[in-house]
Amino acid sequence: MKANEREKIRELYEEQNWICAVEGCNKGAFQRAHILGNTKLNRHLYTDAVIDSKENWRGVCSLECNKKVDIGKGTLRAEIVYQTIISDKSYTDKWNLINDLIIEKNELREAKIDIK
Ligand SMILES: [Zn+2]
């Protein structure tokens, strides 16, 4: 890992006060989760710069919360995350817009579980 990447990750954790980014979790954040997943296909679709951007990361506590942060593959939500990251919005606006998408995704998933 390059020094500037380490620095970006530390900044990310500090912005979140070292708390997991998943809403309602509140455990310590010690691993980095990609929102647009770190895959070959995503790097092809969305570029290395976007996949490696701080806007595409959240600090999380566990693999379980890591999965909740992943926005999914080839979905409309993934496209919106991409468009948000490359837009000229402020870092805070990007952060909030992407967070809303993550929350919406997880609420829909929980709603599906409730129906069963
Ligand atoms: Zn968590």
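Trainee: How many of the 13 residues of helix 1 are buried?

Mentor: The number buried is 0, so helix 1 lies largely in the open; buried means that 20 or more other C-beta atoms, placed from the backbone, lie within 10 Å of a residue's own, exposed means 12 or fewer, and partly exposed is in between. Helices here are DSSP runs of H or I with at least four residues, strands are runs of E with at least two, and both are numbered from the N terminus. This is a predicted model, in which local features need pLDDT of at least 70, side-chain atom pairs count only at pLDDT 80 or more, and totals for chains, interfaces and linings use all residues. Residues are numbered from 1 along each chain as its sequence is written.

Trainee: And what comes just after helix 1?

Mentor: N17, which takes a positive phi of about 55°. N26, in the loop between helix 1 and strand 1, also has a positive phi, near 65°, and N26 counts as exposed because it has 10 C-beta neighbours inside 10 Å.

Trainee: Switching to the strands, how do strand 1 and strand 2 run?

Mentor: Strand 1 (residues 31-34) and strand 2 run antiparallel and are joined by 4 bridges, where DSSP must find at least two bridges for two strands to pair. R32 has G59 of strand 2 as its bridge partner.

Trainee: Which way do the residues of strand 2 point?

Mentor: In strand 2 (residues 57-60), W57 and G59 point one way while R58 and V60 point the other, and all are buried. In a regular strand, side chains alternate between the two faces of the sheet.
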